[in-house]
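Welcome! Try each task yourself before reading the solution.

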Amino acid sequence: MNGRHPPKSDENPIVREDLRTGLTAEAIKNDILENLVYVQARIPKIATRNDWYMALAYTVRDRLLERWGMAIESLQQSSRAVCYLSAEFLPGPHLGNAILNLGMYEQTKEATARLGLDLDALISHEGEPGLGNGELGRLAACFLDSLATLEIPTIGYGIRYEFGIFDQEIHDGWQREVTDKWLAFGNPWEIVRPEIAYYVPLGGYTETYYDRLGRFRVRWVPERVVKGIAHDTPIPGYHVENVALLRLWKSEACESFDFQAFNEGDYYGAVEDKVASETISKVLYPNDEPIPGKELRLSQQFFFVSCSLQDMIRVHRLGGGVPATFDRRYAVQLNDTHPAIAVAELMRLLVDKQRIDWERAWEITRNTFSYTNHTLLPEALEKWPLPLFRKVLPRHLEIIFEINRRFLEDVRLTYPGDSERLRRLSLIEEADDRYVRMANLAAVGSHAINGVAALHTDLLKETVMRDFYELYPERFLNVTNGVSPRRWMLLCNPGMSGLITDAVGENWVCNSQDSIAGLESFADDGAFREAWRKVKQGNKMELARHISERTGIVVNPESLFDIQVKRIHEYKRQHLNALHIISLYIRLKRTPSLDVPPRTVIFGGKAAPGYARAKLIIKFINSIADVVNIDPDVADRLKVVFFPDFNVKNGQLIYPAADLSEQISTAGKEASGTGNMKFSLNGALTIGTLDGANVEIREAVGPENFLVFGLTAREVTDLKMRGYRPWESYEQNEELREIIDLVRSGFFSRGDRDLFEPLVNELLSRDEYCLLADYPSYLEAQEKAGKAYLVQGQWLRMSILNVARMGGFSSDRSIREYLDHIWKVDSLKASGSRGNGRP
Ligand code: F58
């Protein structure tokens with residue numbers, strides 16, 4: 001691997017003109033035609049846009065495959081590889097990103113133009129592989145991008161869901177979920193590998209026996225066995241020859257047909273097993289919270305973990321390794337607790353299958369795994385009812401009991417007589433019902449445990465993982481999240497990226513922290529500011545065009561684009577934003593001369609289908625929009641938009657168009673946030689609480705370039721301890737009272753006084769997420785934002801400084817920290833230095 005940039009122009013003498021690898025416009029054009037005819041079976045005359053898209057995708061893929069072959073070879077030869085285990089990956093559309101990372105945009109544009117095609121239209125034709133709920137899955141995708149770019153041997157392991165996260169439609173202001181059919185037109189990026197398949201046992205019982213050497217053994221007699229088949233997608237690094245491998249497992253029946261049953265006349269029974277087996281990888285759970293009692297979910301987790309570990313053992317063997325050196329070969333990251341069953345499964349494979357003794361197997365296991373926690377919400381910590389666990393994974397329950405027995409013995413020695421602590425640390429919750437605690441299993445079975453932002457890690461150590469921190473302080477560390485500057489700047493915001501490159505050179509794409517800081521000196525340059533403004537304006541016009549196409553709402557691109565896009569959740573407080581809109585609306589109606597800039601408030605995000613209050617928040621926003629958007633008194637001064645179906649693809653359109661980024665979660669609730677980083681990296685100012693990574697963003701960009709408000713995490717806890725009485729805010733704050741009374745009067749619900757009562761009631765009686773407590777300071781910060789926007793020169797300065805100082809939030813930085821402090825894995829580069837452009 002030599003990190004050579006792919007050749008860029010027709011003149012380059014080292015270009016190989018091979019049909020499948022050539023990077024000249026002519027070679028690319030010829031391959032597109034070839035793929036159109038021989039893969040897509042179409043002639044140009046009758047080809048549809050989808051045919052051309054497919055032909056182009058295969059053409060780009062051809063150029064990835066050669067690199068991929070080399071990467072797989074290196075993977076087998078490398079000393080240690082990173083395996084990222086995640087139940088979710090949200091890579092976003094592949095085509096644009098692959099063209100960019102391969103450095104073939106200009107030639108491809110030329111090639112498609114010669115065929116009479118518009119490259120950008122083909123790129124935006126691609127749908128979204130929605131194999132994740134939100135940021136957790138997206139983080140996994142950014143990490144693969146960085147690992148590939150830093151030339152680290154990497155495999156991302158997950159599930160190839162047939163149906164990903166639902167598509168969201170809005171009807172009469174309500175969310176409607178529509179099945180996501182991402183595979184309907186085929187998937188040109190994946191390579192099916194029927195020969196890479198593993199058997200995964202499920203259910204049944206265990207029995208003991210003595211082996212030939214007279215040793216006591218346990219055997220698992222499963223009720224059924226499903227097969228997992230590898231589906232591979234190459235993830236290219238940026239301007240390097242390395243690609244990471246995304247290997248997703250699809251479940252199938254071992255036998256596709258039960259002939260016995262068929263011959264006996266049980267025609268439907270004959271395919272039952274097939275249907276049940278295929279169900280496992282059928283659909284992604286669209287929940288914000290774990291789902292105790294969902295057998296299928298537990299089966300999904302075990303299914304992909306077992307396939308992945310068996311695969312790692314096979315690859316290790318291919319390279320001449322033996323199971324006893326597994327931990328030297330792999331660093332395996334558990335992305336939250338969804339893959340935590342891996343701890344017990346690796347023990348089973350090592351002890352039951354490879355006959356390694358328990359103590360050594362445990363050492364290997366702990367050296368192999370590390371665990372990332374993504375949430376502090378107690379209700380989101382995964383635990384499985386014991387009877388269910390035993391039913392699905394009887395052998396694993398025994399293994400967990402044994403891990404627990406040994407673990408608690410150690411704890412007893414460390415804290416003699418402290419039975420309360422023992423109870424809290426146990427892998428088994430012993431309440432009225434018994435549960436397996438997955439976070440405890442992950443913590444015991446890992447050598448490193450990390451939170452995803454400084455505040456989150458601190459709170460983790462103080463609250464949900466306090467006992468573990470006291471027991472194993474050396475295992476805890478923080479790795480603040482980051483996002484890929486390739487997808488989230490270069491690809492989605494070419495205008496701004498061009499300006500940055502002109503100013504500081506192109507190094508910032510891979511080495512953002514050092515290089516992009518050079519932008520600071522342009523913050524006071526009038527001509528640069530003007531160019532910056534024009535780019536933002538263009539991005540806003542583009543978003544305005546899409547808003548009008550999708551919602552019919554016409555917005556003013558000169559207005560302040562105030563945007564909140566993320567999953568809809570009470571703790572993220574989209575309804576606090578809504579209260580501000582109502583306040584602004586009332587003020588504008590009452591005082592038409594009010595000196596505030598015109599504003600367009602844009603929301604986007606999906607609500608979990610079973611989360612009634614989140615769905616009501618969507619209806620609330622749309623109902624406010626219905627009233628405000630047609631009121632001539634505020635026309636052109638205030639508009640409200642709910643942009644349907646927020647996903648990676650739409651995000652690429654939305655982040656670059658933002659002026660103001662809403663990061664307004666109740667302090668202490670958002671683990672990190674990564675949307676906050678995407679906005680700021682695209683020149684938006686943040687209005688936010690001191691929550692998650694907002695704290696570090698504010699430190700980085702400077703408090704004067706960040707609009708902070710609200711209670712701190714500690715103040716929230718103190719307020720609750722003292723006894724929070726939200727109705728007092730209502731009674732004491734006249735404006736708040738007016739807003740809430742207006743909602744209650746049915747003003748936004750065509751006279752229906754009951755519709756929003758559940759929302760209002762919660763705010764006045766309990767207000768778990770402290771909206772009313774934070775309301776006055778939020779309004780103040782919003783006023784400040786409005787005033788600041790009126791002074792355009794200053795606003796542009798702050799926008800430029802935000803970008804200049806955000807270099808540390810590249811996922812390359814996060815990955816380097818994982819490499820240095822957790823994984824201890826070297827780059828594939830011959831030099832042995834870790835990563836591309838590392839100082
Ligand atoms: C998110 N979690 C955190 N979970 O909420 C966010 O603060 C953080 O930035 C991000 O992880 C990355 O660290 C999150 O997205 C999920 O989507 C889970 C999916 C499976 C069910 C439970 C929620």
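**Exercise 1.** In this predicted model, find out in which sense E12 and strand E14 pair, and over how many bridges.

*Solution.* 
- Step 1: Go to strand E14, residues 434-437, and look at how E12 runs beside this strand: the two pair in the antiparallel sense.
- Step 2: Count the bridges between E12 and E14; there are three.

**Exercise 2.** Now widen the view: in which order do the three strands of the open sheet lie?

*Solution.* 
- Step 1: Reading across the sheet gives E12-E14-E13, with antiparallel pairing.
- Step 2: Look for strands that pair on one side only; these edge strands are E12 (383-385) and E13 (428-430).
- Step 3: Compare directions, ignoring which way each strand runs: neighbouring strands are turned by 30° against each other on average.

**Exercise 3.** Are helices H23 and H32 roughly parallel or oblique to each other?

*Solution.* 
- Step 1: Locate H23 at residues 574-590 and H32 at residues 771-790.
- Step 2: Take the axes, which come within 10 Å and cross at roughly 55°.
- Step 3: H23 and H32 are therefore oblique to each other.
- Step 4: Note the hand of the crossing, which is right-handed.
- Step 5: See who meets whom: in H23 the residues include Leu 576 and Leu 579, and in H32 they include Tyr 775 and Tyr 778. By class, this contact has six nonpolar, four polar and one charged residues.

**Exercise 4.** Repeat the analysis for H23 and helix H24: at roughly what angle do the axes cross?

*Solution.* 
- Step 1: With H24 at residues 612-628, the axes of H23 and H24 come within 10 Å and cross at roughly 15°.
- Step 2: H23 and H24 are therefore roughly parallel to each other.
- Step 3: This crossing is left-handed.
- Step 4: Among the contact residues are Ile 581 and Ile 582 of H23, and Phe 620 and Ile 624 of H24. The classes here are nine nonpolar, two polar and no charged residues.

**Exercise 5.** How many residues of domain 1 are in contact with domain 2?

*Solution.* 
- Step 1: 18 residues of domain 1 touch 18 residues of domain 2.
- Step 2: Sort the domain 1 side: nine nonpolar, six polar and three charged.

Technical notes:
Residues are numbered from 1 along each chain as its sequence is written. This is a predicted model: local features need pLDDT of at least 70, side-chain atom pairs count only at pLDDT 80 or more; totals for chains, interfaces and linings use all residues. Two strands pair if DSSP finds at least two bridges between them. Helices (H or I, at least four residues) and strands (E, at least two) are DSSP runs, numbered from the N terminus. Axes are lines fitted to C-alpha atoms, for helices over the stretch in contact, and angles run from 0 to 180 degrees between N-to-C directions. Two residues are in contact if their C-beta atoms, placed from the backbone, lie within 7 Å. Ala, Val, Leu, Ile, Met, Phe, Trp, Tyr, Cys and Pro count as nonpolar, Asp, Glu, Lys and Arg as charged, and the others, Gly among them, as polar. Angles under 35 degrees count as roughly parallel, over 145 as roughly antiparallel, 65 to 115 as roughly perpendicular and the rest as oblique. A crossing is left-handed if the near helix is turned anticlockwise from the far one by less than a right angle, and right-handed if clockwise.
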